[in-house]
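Here is a short note for a colleague opening this structure for the first time. Please read the points with the model on screen.

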Amino acid sequence: MNDFSRLKNMSDEYLEQLFSEIKEIGQLNTNLIRYLEDTFPEQGEKIIEVLKRKVMKYIYLPSGRVIWMIKGEKQKRYLLYPKIFCSCQDFYKNTVIKKTRPYCKHIIAQIISEALQIFIEKEKEDEKFNMLIKRLKSEF
Ligand SMILES: [Zn+2]
């Protein structure tokens, strides 16, 4: 199977498997970097960059609503639903429109951060949720 069809065939199941494999590697070390470069030849390095910019998990209280957020370049921020959706342009272009692959580098970075427990978790008040959504809209 070539890279393209392998990527095209990726599914939720694949991302689940990716999660387990990364969990097994256990930490952000050279093994993991090599694994990422093999698995995502064109995005391995970019995924590491995303991880360095930090993956945020916000828990809104008292509702318990969870929001994942990733910082992009140039002060941009992307809203992310694990394994399902990212608000970045790449996801829109290549996943929603062209359907060439079911993820972007942020989706993969979130999976890694959760598998290795290296995300930053913050609790926020529910009131702040609406403010966040408004701010994100203005950033598009
Ligand atoms: Zn993205």
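1. Start at one loop. Lysine 74 sits in the loop between β2 and β3. This is a predicted model. Lysine 74 is exposed, with 5 other C-beta atoms within 10 Å. Its phi is positive, about 50 degrees, although lysine 74 is not a glycine. The hairpin of β2 and β3 has five residues between the strands, and lysine 74 belongs to that hairpin.

2. Lysine 83 lies in the loop between β3 and β4. Here too phi is positive in a residue other than glycine, near 65 degrees. Is lysine 83 buried, exposed or partly exposed? It counts as partly exposed, because it has 19 C-beta neighbours inside 10 Å and a residue is buried at 20 or more. The hairpin of β3 and β4 has three residues between the strands.

3. Another backbone feature to check is a peptide bond. Leucine 61 and proline 62 are joined by a cis peptide bond, with omega about 5 degrees. Proline 62 is in the loop between β1 and β2. For background, most residues other than glycine have a negative phi, and most peptide bonds are trans.

4. Now the overall layout. The protein chain has seven helices and five strands. From the N terminus the order is α-α-α-α-β-β-β-β-α-α-β-α. The radius of gyration is 15 Å, close to the 14 Å that the globule rule gives for 140 residues, so the chain is as compact as a globular protein of that length. The C-alpha trace spans about 50 × 35 × 30 Å along its principal axes. Buried residues make up 21% of the 140 residues. Take the contacts between residues at least 6 apart in sequence: 57% of them join residues at least 24 apart.

5. In what order do the five strands lie in the sheet? The order is β4-β3-β2-β1-β5, in an open sheet with mixed pairing. The edge strands are β4 and β5, and each pairs on one side only.

6. Walk across the sheet. β3 and β4 run antiparallel and are joined by two bridges. Four bridges join β2 to β3, again antiparallel. β1 and β2 are also antiparallel, with six bridges. β1 and β5 pair in the parallel sense over six bridges.

7. Leucine 80 has cysteine 86 of β4 as its bridge partner. Methionine 69 has leucine 79 of β3 as its partner. Methionine 56 stands opposite methionine 69 in β2. In β5, the bridge partner of methionine 56 is isoleucine 120.

8. Look at β5 on its own. How many of its six residues are buried? The number is zero, so β5 lies largely in the open.

9. Tyr78 and Leu80 are on the covered face. Arg77, Leu79 and Tyr81 are on the uncovered one.

10. Next, the largest nonpolar core. It holds 23 residues. Ile70, Leu80, Cys86, Ile107, Ile108 and Ala109 touch the most other members. Two or more residues come from each of α2, α3, α4, β2, β3 and α6. Which element gives the largest share? That is α6, with five residues. As a general point, in soluble globular proteins nonpolar side chains tend to be buried together.

11. α3 and α4 meet at an angle of about 130 degrees, with their axes 8 Å apart. That angle makes α3 oblique to α4. On α3 the contact uses Ile33, Leu36 and Glu37. On α4 it uses Gly44, Ile47 and Ile48.

12. Lysine 99 is in the loop between α5 and α6. Lysine 99 is exposed, with 9 other C-beta atoms within 10 Å. How far is lysine 99 from glutamine 75 in space? The two are 27 Å apart, C-alpha to C-alpha, and 24 residues apart in sequence.

Definitions and conventions: Residues are numbered from 1 along each chain as its sequence is written. This is a predicted model: local features need pLDDT of at least 70, side-chain atom pairs count only at pLDDT 80 or more; totals for chains, interfaces and linings use all residues. The radius of gyration is taken over C-alpha atoms; the globule rule is 2.2 Å times the number of residues to the power 0.38. A residue is buried if 20 or more other C-beta atoms lie within 10 Å of its own, exposed if 12 or fewer, and partly exposed in between; C-beta atoms are placed from the backbone. Two residues are in contact if their C-beta atoms, placed from the backbone, lie within 7 Å. Two strands pair if DSSP finds at least two bridges between them. A nonpolar core is a set of buried Ala, Val, Leu, Ile, Met, Phe, Trp, Tyr and Cys residues joined through C-beta atoms within 7 Å. Axes are lines fitted to C-alpha atoms, for helices over the stretch in contact, and angles run from 0 to 180 degrees between N-to-C directions. Angles under 35 degrees count as roughly parallel, over 145 as roughly antiparallel, 65 to 115 as roughly perpendicular and the rest as oblique.
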